[in-house]
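Student: I would like to learn how to read a structure feature by feature, moving from local pairing to helix faces and then to chain contacts. Could we work through one together?

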Number of protein chains: 2
Amino acid sequence: MRATLMYGAGDVRVEEVPDPRIVDPTDAIVRVTLACVCGSDLHPYRSMPAGGPAAPMGHEFLGVVEETGSQVTGLRKGDFVVSPFAFADNTCAICRDGFHTACPNGGWYGAGGVGGAQAEAVRVPQADGTLVKIPAEADPTVLASLLALSDVYLTGYHAAHMGRVNAGKTVTVIGDGAVGLSAVLASRRMGAERIILMGGHKARTDLGREWGATDVVPERGAEGVAKVMELTGGQGSHVVLEAVGYMLAYEQAYGVVRPGGVISRVGVPQYEQAPVGFGSLFGKNAGLTGGPAPVRAYLETAIADVLAGRIEPGRVFDAEVPLDRVADAYRAMDTRENLKVVVRP
Amino acid sequence: MRATLMYGAGDVRVEEVPDPRIVDPTDAIVRVTLACVCGSDLHPYRSMPAGGPAAPMGHEFLGVVEETGSQVTGLRKGDFVVSPFAFADNTCAICRDGFHTACPNGGWYGAGGVGGAQAEAVRVPQADGTLVKIPAEADPTVLASLLALSDVYLTGYHAAHMGRVNAGKTVTVIGDGAVGLSAVLASRRMGAERIILMGGHKARTDLGREWGATDVVPERGAEGVAKVMELTGGQGSHVVLEAVGYMLAYEQAYGVVRPGGVISRVGVPQYEQAPVGFGSLFGKNAGLTGGPAPVRAYLETAIADVLAGRIEPGRVFDAEVPLDRVADAYRAMDTRENLKVVVRP
């Protein structure tokens, strides 16, 4: 079959690879119907050293179950499913806590012998715990929104959930990428009336406004912080949703967070060390939370919301390419020409 | 009057200084009845460079109001009061949120022209917002416990409060100093049934056990982390209360926190940068919270608890010195000969 491999920064190729096959009895093989490129795929696209082993890419997909391992009981050939971007058993204590991305039996697509989803098919470990069936009657027009549940929308949702967004709170969202816009949509649904979106790309912030942003701050760094402080009467934002992952975004986050407020991060941090001492977080009792979204925990509810037309998160997709042109999708997202691109095998 | 000044690491002196006087109409002058030395006073005691201006020391005290400024309406001469370790107006939006240590009209004893409390008297800015009256009938035997409310007990309480300790959670407390032991006591009162105390000083951990610790882990670093992981079936602790402030304690904290759990810090961080990326906090959705305790927010309830005999936080005091011997108190706490020392002017 054909699959997407990254060989180094800027070097994405579609190649023939062996078909995936059942390895563990809890596996399923899923034929991919729709996949897409993630903002987090752009991190290696910008920085991956060449010369090492190629990385299988893609972790967001809808597909049809093609084969199941002997211990898979909840799925069968022909089921139409959505997958969270990480697999998990959905039964252990950590999953029951709602933190599936830390499941001791879970893991990541494209690593440890599991392929990527920007491919014709993929092996899904812990298939019973991971995959969620989409009702057969799902209208084809909502497929993009269902695909958005695999990662982007529920990552934005996770940011808002961990930041305990509610009606009384001022929320600042850092980043007008697809996750940031999703965080705006989720915050609005959780009741936030004041949502400040920090982003400078007008077509994107326009969608952000449509989804609930009440203010847009295009300035970055100290200037952006000053603007948010002004908008909040000098007090800052109760909740800051950081949907970027770069240090500049983190610095903006602790700059605008109100005393006693919380920064919720879902942009994969491109740093390990960061300021957390008296001058940044501690002095004003600011909290830090977030991490890889346990999409599985939120999936059933979100599928129902999409099918009922209450949310249309698929609007973050503004282009589609066939699998063979996946490299174009990376390029267009890297240059910010496209917000998020569907890949159709 | 006599007051405590620090000239550099290890150099604490009691000297004659001018009597404090009303500067702002919202000030009060309080004659100090009892003060004490704080674990955080040991940070400059170990590291303050010599040669600069001397620092007035002390921020925990009980005392009697001696004089009030023209705008002070809730206090009068002769009132017996307890002060939080930081002053605040107790009326602004940030104080109403419960984060008095970030009050824009607040500040710290021993800084900005305000003296320290290891002295015969002290000027209290924002006196109406800061000081809380102790009922006249308070038994002299509870004075130590009331003094402990000025900082140490309510700092431990704040750690547990910010960490959302409750009956269902396993709590690990890092540090067997007076704040760590207070965090154990507060956690027990909030219903935690499993409280693991990381500390190696037996007399202290014995008090911790009496106050509710169910397990004591004397090992530090990787060995201590392994022990806590073993005690928690490999899953870690829902809540970690970090009552030390050194990097080793922070590293232990993220080592033992459970996925989705939270680290609540109240030890003043002796670092600004720390690990917060995928390998420490982000990857397991661990949160970080805490900061300087807004003691004022918790004071009335805690006074009632002390007067009713429900808590006896003053048991952290294991020695008393007259003001002239305050240097002995620093020395004894620095060498861990004493846990926490009362200073009587």
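Student: Which two strands of chain B form a hairpin with two residues between them?

Tutor: Bearing in mind that this is a predicted model, look at strand 1 and strand 2 of chain B, which form that hairpin, and note that Gly10(B) in the turn has a positive phi of about 75°. Strand 1 (residues 2-8) and strand 2 (residues 11-16) of chain B pair in the antiparallel sense over six bridges, and within this pairing Met6(B) stands opposite Val12(B) of strand 2.

Student: How should I read a helix, and which residues of helix 7 of chain B are buried?

Tutor: An α-helix has 3.6 residues a turn, so residues three or four places apart point the same way. In helix 7 (residues 202-210) of chain B, the buried residues are Arg204(B), Thr205(B), Leu207(B) and Gly208(B). Because these buried residues fall within an arc of 150° when seen down the axis of helix 7 of chain B, they line one face of the helix.

Student: Which exposed residues does the face turned away from the buried side of helix 7 of chain B carry, and against what do the buried residues pack?

Tutor: The face turned away carries Lys202(B), Ala203(B) and Glu210(B), whereas the buried residues of helix 7 pack against helix 6 (178-189), strand 12 (194-198) and strand 13 (215-217) of chain B. Just after helix 7 of chain B, Gly212(B) takes a positive phi of about 130°.

Student: In which sense do strand 16 of chain A and strand 16 of chain B run, parallel or antiparallel?

Tutor: They run antiparallel, and three bridges join strand 16 (residues 273-275) of chain A to strand 16 of chain B. Ala274(A) has Ala274(B), in strand 16 of chain B, as its bridge partner.

Student: Which residues have the most contacts inside the largest nonpolar core?

Tutor: That core has 234 residues, and those with the most contacts inside it are Leu149(A), Val173(A), Leu241(A), Leu149(B), Val173(B) and Leu241(B). Leaving aside its neighbours within four places in sequence, Val173(A) is in contact with residues including Gly180(A), Ile195(A), Leu197(A) and Leu241(A).

Definitions and conventions:
Residues numbered from 1 in each chain as written. Chains lettered and ligands numbered in written order. Predicted model: local features only at pLDDT ≥ 70, side-chain atom pairs only at ≥ 80, totals over all residues. Pairing = 2+ DSSP bridges. Helix = DSSP H or I, 4+ residues; strand = E, 2+ residues; numbered from the N terminus. Buried ≥ 20, exposed ≤ 12 C-beta atoms within 10 Å, placed from the backbone. Arc of directions from axis to C-beta. Contact = placed C-beta atoms within 7 Å. Core = buried A, V, L, I, M, F, W, Y, C linked by C-beta atoms within 7 Å.
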